[in-house]
Amino acid sequence: MNQLKQSLAYTLKNGMDQNQTQLLIIQLLQTPNIPYAQKLFNLIPKKTVFLYNKLIQAYSSINQSRQCLTLYSQMCLNNCSPNEHSFIFLFPACATIPSLLHGQILHTHFLKSGFGLDYYALTALLDMYAKLRMLPSARQVFDEMHVRNVPTWNALIAGYSRCGDMKEASELFKSMPEKNVVSWTSMISGYSQNGQFSRALDMFLWMEKERGVKPNRVTIASVLPACANLGALEVGERIEAYARENGLFEDLYVSNTVLEMYARCGKIEVAKRVFDEIGQRRNLCSWNSMIMGFALHGKCIEALEYYDQMLYEGTAPDDVTFVGVLLACTHGGLVVIGRELFESMAEKCHIKPKLEHYGCMVDLLGRAGALQEAYDLIKSMPMKPDAVVWGALLGACSFHNNVELAEKAAQPLFQLEPWNAGNYVILSNIYASAGRWDGVAKLRKLIKGGQITKAAGFSFIEEGGEMHKFLVEDKSHPRCEEIYEILDQVSTVMKLQDKFIDSDFELNKFFIMEQI
């Protein structure tokens with residue numbers, strides 16, 4: 001850097017040669033020292049499109065997108081015509097800001113400049129529209145392209161995935177003439193982010209069978225949350241081993257997803273070891289995963305201890321942190337602490353409570369029997385309560401047999417979830433417990449009249465590195481005959497054990513009577 005400054009001083013003292021100055025700016029941008037390069041750039045009387053592009057690229061690399069657009073405006077004012085390379089960096093800048101208006105203006109300039117056949121710039125344009133969730137525009141650019149490379153397909157697939165249209169993303173993926181790891185990762189990430197965890201895992205297992213495609217850090221960070229939500233511990237452990245063998249575990253995103261997987265799957269001790277292994281690299285996400293893991297598995301004291309330790313080490317909580325600690329209080333019945341934490345969100349941490357936080361508080365108060373307080377909290381909410389909030393109150397009313405508040409909770413649930421038979425069943429059971437048979441009859445009539453059916457329950461079982469889904473009395477599995485045969489054997493053994501237990505009990509009872 002000192003040598004560069006000496007060269008710059010010499011140049012300024014002895015007059016500025018265009019080529020030499022251009023070389024100095026490029027060297028400064030590579031250092032990188034963008035402010036210094038900008039100052040030197042401003043001194044050049046005749047600026048070239050090459051230098052403008054270099055500076056736009058540099059600002060784009062550090063996410064100073066507005067500065068990219070400012071440079072483009074200066075370029076136009078100075079009668080320096082952009083080339084196709086200019087737009088490759090300008091379109092992503094519009095997506096980052098984000099600004100659809102600037103993007104559309106640039107799109108018009110791009111077409112008027114005659115660069116409509118450059119597929120690198122067109123891919124950047126498509127990607128901009130996809131990131132701005134303007135999928136019809138992105139699709140139009142894609143359909144009009146004469147040449148499409150793998151990044152072009154990937155950009156559109158990622159756009160559909162981002163907007164939750166996994167059906168269209170899947171159709172595109174299947175149509176791709178050639179796929180790379182980014183293509184596979186876009187699909188895995190899309191399924192995972194849209195809650196389709198089973199499909200995300202299936203996609204990863206399918207990818208593993210493809211030759212020449214190796215998971216990268218983004219792939220690992222996308223599939224492990226699916227393992228965590230499905231409880232696919234065996235697959236998750238295998239993925240962790242791969243990450244460690246290939247040096248991917250050092251990436252904080254990867255190590256955090258490994259931590260989250262173990263925490264959610266109930267392997268709390270293993271999660272703690274991973275947390276300690278992350279050490280000084282740990283961030284808020286690491287703390288949140290541990291706190292949530294403790295909370296989900298009823299370890300409320302440990303969750304609150306980690307929360308206190310996090311604050312002591314200087315990490316500020318966010319809204320996810322408070323979901324974790326409030327959930328811990330709910331499972332531990334810690335009403336007083338829960339109230340204090342909920343109030344501290346806005347007062348101390350300047351975090352506005354969201355629906356999830358109100359849901360946790362309603363659940364906490366409801367379980368503790370403070371039903372009226374829970375109802376009053378719902379009525380004071382600054383946003384409209386959702387089905388989760390009202391459902392928490394209805395569940396608490398069921399536990400404490402409160403008919404009056406149960407009816408108040410059920411009415412908005414019937415409007416929000418008219419298809420959910422579970423709400424009708426819960427209220428019917430509350431009526432039955434209170435001897436309100438007229439209410440039971442009325443609800444049964446509503447269920448039959450509305451043709452409301454309860455969704456079939458299902459379970460996942462992991463075996464041999466694969467997830468198997470079973471419904472009640474399911475016969476769709478290819479090995480269902482073997483499964484039912486083993487189930488019958490288990491059932492027979494259990495019945496025999498019950499008979500032996502009953503016999504032992506009667507025998508012990510006889511001996512006791514004899515002694516008396």
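Which residues in H8 meet which residues in H9?

Reply: This is a predicted model, in which local features need pLDDT of at least 70 and side-chain atom pairs count only at pLDDT 80 or more, while totals for chains, interfaces and linings use all residues. Residues are numbered from 1 along each chain as its sequence is written, and side-chain values use heavy atoms, with hydrogens and water left out.

In H8, the residues in question are Leu 122, Leu 125, Leu 126, Tyr 129 and Ala 130. They meet Leu 135, Ser 137, Ala 138, Val 141 and Phe 142 in H9. Contact here means heavy atoms within 4.5 Å. Helices (H or I, at least four residues) are DSSP runs, numbered from the N terminus. By class, this contact of H8 with H9 has nine nonpolar, one polar and no charged residues. Ala, Val, Leu, Ile, Met, Phe, Trp, Tyr, Cys and Pro count as nonpolar, Asp, Glu, Lys and Arg as charged, and the others, Gly among them, as polar.

Now the geometry. Two packed helices are described by the angle between their axes and the distance between the axes. Helix H8 covers residues 119-131 and helix H9 covers residues 135-144; they pack at an angle of about 160 degrees, with their axes 7 Å apart. That angle makes H8 roughly antiparallel to H9. The axes are lines fitted to C-alpha atoms, for helices over the stretch in contact, and angles run from 0 to 180 degrees between N-to-C directions. Angles under 35 degrees count as roughly parallel, over 145 as roughly antiparallel, 65 to 115 as roughly perpendicular and the rest as oblique. The crossing of H8 and H9 is left-handed, a term used if the near helix is turned anticlockwise from the far one by less than a right angle.

The loop between H8 and H9 holds Arg 133. Phi of Arg 133 is near 65 degrees, a positive value in a residue other than glycine. Most residues other than glycine have a negative phi, and most peptide bonds are trans. His 350 also has a positive phi, of about 55 degrees, although it is not a glycine. His 350 is placed in the loop between helix H21 (335-347) and helix H22 (355-367).

Two other loops contain cis peptide bonds. One runs from Thr 31 to Pro 32, with omega near -5 degrees, and Pro 32 sits in the loop between helix H2 (18-30) and helix H3 (34-43). Another runs from Ile 97 to Pro 98, with omega near -10 degrees, and Pro 98 lies in the loop between helix H6 (84-96) and helix H7 (100-112).
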